[in-house]
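Here is a friendly note to read beside the model. Take the points one at a time and find each residue as you go.

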Amino acid sequence: MTNANISIDEQALQSAIQTFTSLTCRLSSDGLYLDISNSKASASLSMFGAHLCSFIANKDGRERLWISDSAMFDASTPIRGGVPICWPWFGANNKINDAPSHGFVRNQMWRLNQAKEVKDENGEVVETHCYLKPTSLGMFSTPATLNLTLMLKVSTYCEITLITENQSSQRVEVSQAIHSYFAIEDINQVVINGLHGTYYNKLDNTHNNVSPSLYTIKQETDRVHQRAVKSVTDERISLSDGDKNIINILHSGHNSTVVWNPWIEKSAKMKDMSEGGYKTMLCIEAATEPREALLPGQKLVLTQKFD
Ligand code: BG6
């Protein structure tokens, strides 16, 4: 990103937040950030990738998101940690030459399109809503076929929604994920509650593996828990390492939940994972994987909410 681009992005962000007391624009050596601070929580979103990097609920002051000590903030590499937005494909895409892993919106600048504040009777902001759009939809730009909006709500909880609308006259297929890296104290102690049924194991390409009744992580893990029927109802999951550190997660509009931890050997091969980083993170991702077809005029609405 050139300095000229930064200033255009910064100017656009400054003007979009002018009337909102809970929003601040911050330019640091790591990039351009939208900081959110209201009476319930604070959060920080990098405009590069609309990538949420921090969410701290005021009720306990605990950071819910993990960022790698070796994350690269070079405005071209997706940030390792926080909440990458994977769209319009999840993982690899063999149909396109040199397709970036997890799509092309997590490594481009986004714009804040709209915001809204909800106040209580004392005038305190209790909810901040931000609506963001990527600056380019790549192959979906001309003719305009898909429309993507990310909605972020910051309150006692954090809620991220991806809305994909098919504006074309053709059927379009999309896979995606809200790829959250949750901060945990110790991977060896963590238990995932609420994930049942079977999963596809990406590591050995096996299907129909049964979810463990006591779901712990003791090795490299890369699993897609597919829902038998596409969920219209919410799915509640929680992560706990000990009684003191619980994260509640709610998914809706997904057809799968992904669980990922690279463990020791894979981490060593990744330039943006520091040694031992895998011990304090666990990805729980709301996903549309495998991909789903959107008919003309149809919408896909994928949500992850956590606190
Ligand atoms: C997970 C995938 O969602 O993301 C893994 O299931 C992948 O297979 C991981 O390794 C990290 O992907 P990336 O592109 O951010 O290194």
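1. Let's begin with a definition: a disulfide is a pair of cysteine sulfur atoms within 2.5 Å. The sulfur of cysteine 86 is 9.2 Å from the closest cysteine sulfur, in cysteine 283, so the two are too far apart for a bond. Cysteine 86 is also buried, at 0% relative accessibility (buried means under 20% relative accessible area, exposed over 50%, partly exposed in between, with a 1.4 Å probe and protein chains only).

2. A word on the source: this is a predicted model, where local features need pLDDT of at least 70, side-chain atom pairs count only at pLDDT 80 or more, and totals for chains, interfaces and linings use all residues. Residues are numbered from 1 along each chain as its sequence is written, and side-chain values use heavy atoms, with hydrogens and water left out.

3. The structure holds zero disulfides. For cysteine 25, the nearest cysteine sulfur belongs to cysteine 130, 12 Å away. Cysteine 25 is buried, with a relative accessible area of 13%.

4. Now for the ligand. Which distances separate its oxygen atoms from polar side-chain atoms of arginine 80 and histidine 102? For arginine 80 the distance is 2.9 Å, and for histidine 102 it is 3.0 Å. An N or O atom in the side chain of arginine 106 lies 2.9 Å from a ligand oxygen. The protein covers 87% of the 390 Å² of accessible area that the ligand has on its own (areas come from the Shrake-Rupley method with a 1.4 Å probe; for residues, only the protein chains shown count as cover).

Key:
Polar contact = N/O pair within 3.5 Å; in protein donor to acceptor, adjacent residues only side chain to side chain.
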